[in-house]
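Have a look at the sequence and structure first.

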Amino acid sequence: MSFLRRRSATPAGPDFDVLAMDPGDWPGNLGAGLLPAPDGTCQGVFLRYDLFGGRGPAMIIGNLPQGSPAREVAEEEIPFEVGQLLLALENDEEVTVVGTEDTPVLQGDNLLIVRRLKLSEGRISCVQFDRSDGVLVTIAAWDRPITDDLYALLKPLPAELFQQG
C-alpha cells in the first residue's frame, strides 16, 4: 500500500498523503494543522475531530514523516498529538506514558503493528503505527476507547483538502 506521492515543487500542503477519516464520514467539526519547517516543507499534519460542539476535540489524528522533530520524544513523554489534545481541551495536567503494548491489526489487506500507549490520564486513549512510507500515524481520543473498527475508516485524504485558497 503506497501512500507517498510528491506534489508540486512548492507545496501548499504536505508532500505526502495524509491518512485519516474522511471529514464527510464525521458528524462533527474538523480542523487541520500543518507543522512547517523553516525551509517551507511540511513536517507533519494533524487533524482535529470535534464532536463536542466547540468544547474540545473528541479525537486528533497525526501524520508525521520521518525526520519530523515532533516525532522525537523521550520514553515517558507523550506524543505530539496527545499534547495537542490536552491543549485543545485546556487541560494542563501533567500526563506521561506509563506503558505500551503492541497489537496486530488488519487494515484492509494490510497488517499493522499498533502500539497502544497507556497514559497516566486514563480518559485519553492513544495508538500509533508506522505506514509503509515511513509516516507515523498517531490517534489520540478523549474519553472514548480506540477500537479496531476505526482502522477500517482510515484512508488517504484528497490533496485538495490541504491546498491554500
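How many residues line the largest pocket, and which lie nearest its centre? The lining counts 20 residues, with Val73, Glu75, Glu77, Leu117 and Gln128 nearest the centre. Keep in mind that this is a predicted model.

**The largest pocket**

- Its volume comes out at about 260 Å³.
- Helix H1 (80-88) and strands S5 (97-107), S6 (110-119) and S8 (136-142) are the elements that each give two or more residues to the lining.
- S5 supplies the largest share of that lining, with 4 residues.
- By residue type, the lining splits into 10 nonpolar, 4 polar and 6 charged.

**Salt bridges**

- You'll find 5 salt bridges in the structure.
- Arg71 pairs with Asp130, with 3.7 Å between the closest N and O atoms.
- That pair ties together distant parts of the chain, 59 residues apart: Arg71 sits in the loop between strand S4 (59-64) and H1, and Asp130 in strand S7 (residues 124-130).
- Both ends count as partly exposed, Arg71 because its relative accessibility is 26% and Asp130 because its value is 41%.
- Arg123 bridges to Glu121, the closest N and O atoms being 2.9 Å apart.
- Here the two partners fall into separate classes: Arg123 is partly exposed at 41%, whereas Glu121 is buried at 6%.
- Arg131 and Asp133 meet through their side chains at 2.8 Å, N to O, and Arg131 is buried, with a relative accessible area of 6%.
- Shared partners also join Arg71, Arg115 and Asp130 into one salt-bridge network.

Terms used: Residues are numbered from 1 along each chain as its sequence is written. This is a predicted model: local features need pLDDT of at least 70, side-chain atom pairs count only at pLDDT 80 or more; totals for chains, interfaces and linings use all residues. Side-chain values use heavy atoms; hydrogens and water are left out. On a 1 Å grid over the protein atoms alone, a cavity is a set of points where a 1.4 Å probe fits but cannot get out, and a pocket is an open set with protein on both sides within 12 Å along at least five of seven lines; lining residues have an atom within 4 Å of a point. Grid points are joined across faces, edges and corners, and a volume is the space filled by probe spheres set on the points. Ala, Val, Leu, Ile, Met, Phe, Trp, Tyr, Cys and Pro count as nonpolar, Asp, Glu, Lys and Arg as charged, and the others, Gly among them, as polar. A salt bridge is a side-chain nitrogen of Lys or Arg within 4 Å of a carboxyl oxygen of Asp or Glu. Buried means under 20% relative accessible area, exposed over 50%, partly exposed in between (1.4 Å probe, protein chains only).
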